[in-house]
Amino acid sequence: MKAVTLNAYGTPDVLEVTEQPMPVPAPHEVIVKVQAVGVNYADLLIRQGVYPFIPQFPAVLPGEISGIITQTGSEVQHLQAGQRVTGHAPAGYATYAAIPAAGITILPDQVAPAAGLLTHSLTAQHLLEQTSGYRSVVITAAAGGVGSQAVQLAKIKGIPQIIALTGSEAKQEYVRSLGATHAINYRETDWLKQLADIAGPQGVDLILDATGGDTPAQLASVLAVHGTLIVYGNSSGQPTTINPQELIMKSARVIGSTVYNIPPAQRQQWSQYLVDLIATGQLLAQINSYPFTDAARAHSDMANRRNTGRTVLSFPE
Ligand SMILES: NC(=O)c1ccc[n+]([C@@H]2O[C@H](COP(=O)([O-])OP(=O)(O)OC[C@H]3O[C@@H](n4cnc5c(N)ncnc54)[C@H](OP(=O)(O)O)[C@@H]3O)[C@@H](O)[C@H]2O)c1
């Protein structure tokens, strides 16, 4: 089988397509014939060697996949060959991948492989559920994988003010089409003033940021009293900076969040909820599809902010 492998950390050109042995399922695993690999920003960090998870070289890049079960491990009772599923695989950038059965979500027939990739939607759902009673939300990188799901889920939850920050005019248009009530290009010099004008004297109740650098500190200036700023990544590559003074006078809080420690029962419930929204056309993903062998180009486009929606590696039928 073919896989995207890594022999050193570095720029996208360290990714190589190589021939690898077929995976064999451990007792609690299943083997999936991969139909779509979801490219998540974390994959870029793993490739660069700056993510907490460090693969042993030569490594098949880990990743989110969807596809068809071809084989089940000896202890797997509740799944069978032929089922369409999605999940995170320790060696996911491959034509066949082993996945722990416990982490699998079954996809209904009407959900296509790329549409059924759930990491971005689960992350967004988790972020939006970390606090309650909020009436306004600011979402950075709102046209991206997580961001575009967060905009739609905020709309589904009935949040009256959804302020989307993006890096281009085209992305602004896209987030408006998803339900953002306001769209700001935060590469314009007066973006913070634009945001402050929209937020008004009461400020915004919830801010979601995964760009890092100085942006969260700037965003904190528009937080409402008792507001919440959630940091969940730093795609700028710069450490997140926050001025605690900004929080004190507002009794505001900053919290971190990761999709990887959602309790299993909650993850299962939310996954089913999200699959139902996808199946009924209420939660959409714009798919940027690259051939599997073009993983390096997909990584490069995402690093250079050229991506909109969900980036996916796909396979010929
Ligand atoms: N904590 C968690 O559980 C979790 C889970 C999934 C993802 N994440 C994090 O969430 C973020 C988004 O992930 P994703 O997979 O959905 O990626 P993405 O948003 O589709 O792509 C990254 C986006 O970040 C924005 N960005 C801002 N400054 C950037 C810079 N200097 N360089 C590159 N990009 C920059 C760009 O959008 P604009 O041009 O519009 O700014 C870019 O398109 C990442 O930081 C990721 O690590 C966290």
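This is a predicted model: local features need pLDDT of at least 70, side-chain atom pairs count only at pLDDT 80 or more; totals for chains, interfaces and linings use all residues.
Colleague: Which residue in S4 is the bridge partner of Leu6?
Modeller: Strand S1 covers residues 2-6 and runs antiparallel to S4. Two bridges join these strands. In S4, the partner of Leu6 is Ala59.

Colleague: Is Phe57 buried, partly exposed or exposed?
Modeller: Phe57 sits in the loop between helix H1 (41-48) and S4. With Tyr9 and Ile54, Phe57 makes a nonpolar surface patch of about 250 Å². Buried means under 20% and exposed over 50%. Phe57 has 35% relative accessibility, so Phe57 counts as partly exposed.

Colleague: What is the relative accessible area of Glu188?
Modeller: Glu188 belongs to a surface patch of negative charge, along with Glu169, Glu173 and Asp190. Its place is the loop between strand S11 (182-185) and helix H5 (191-199). Glu188 is partly exposed, and the value is 33%.

Colleague: How many salt bridges does a search of the whole structure find?
Modeller: One of them links Lys193 and Asp197. Another is formed by Arg297 with Asp294. The search of the whole structure finds six.

Colleague: About how much of the helix separates Lys193 and Asp197?
Modeller: Their side chains meet in a salt bridge, 2.8 Å from N to O. Lys193 is exposed, and Asp197 is too. The two residues are four apart in helix H5, so the separation is about one helical turn.

Colleague: Is Lys250 buried or exposed?
Modeller: Lys250 forms a salt bridge with Glu246, and the closest N and O atoms are 3.6 Å apart. Glu246 counts as partly exposed, at 27% relative accessibility. The cut-off for buried is under 20%. Lys250 has a relative accessible area of 15%, so Lys250 is buried.

Colleague: How far apart are the closest N and O atoms of Arg297 and Asp294?
Modeller: Arg297 counts as partly exposed, at 42% relative accessibility. Asp294 also counts as partly exposed, at 25%. A salt bridge needs the nitrogen within 4 Å of the carboxyl oxygen. Arg297 and Asp294 form one, with the closest N and O atoms apart by 2.8 Å.

Definitions and conventions:
Residues are numbered from 1 along each chain as its sequence is written. Side-chain values use heavy atoms; hydrogens and water are left out. Two strands pair if DSSP finds at least two bridges between them. Patches are made of residues with over 30% relative accessible area and no salt bridge: like charges are joined within 9 Å, nonpolar side chains (Val, Leu, Ile, Met, Phe, Trp, Tyr) within 5 Å. Accessible areas come from the Shrake-Rupley method with a 1.4 Å probe; for residues, only the protein chains shown count as cover. Buried means under 20% relative accessible area, exposed over 50%, partly exposed in between (1.4 Å probe, protein chains only). Lys and Arg count as positive and Asp and Glu as negative; His and the chain ends are not counted. The place of a charge is taken as NZ of Lys, CZ of Arg, CG of Asp or CD of Glu.
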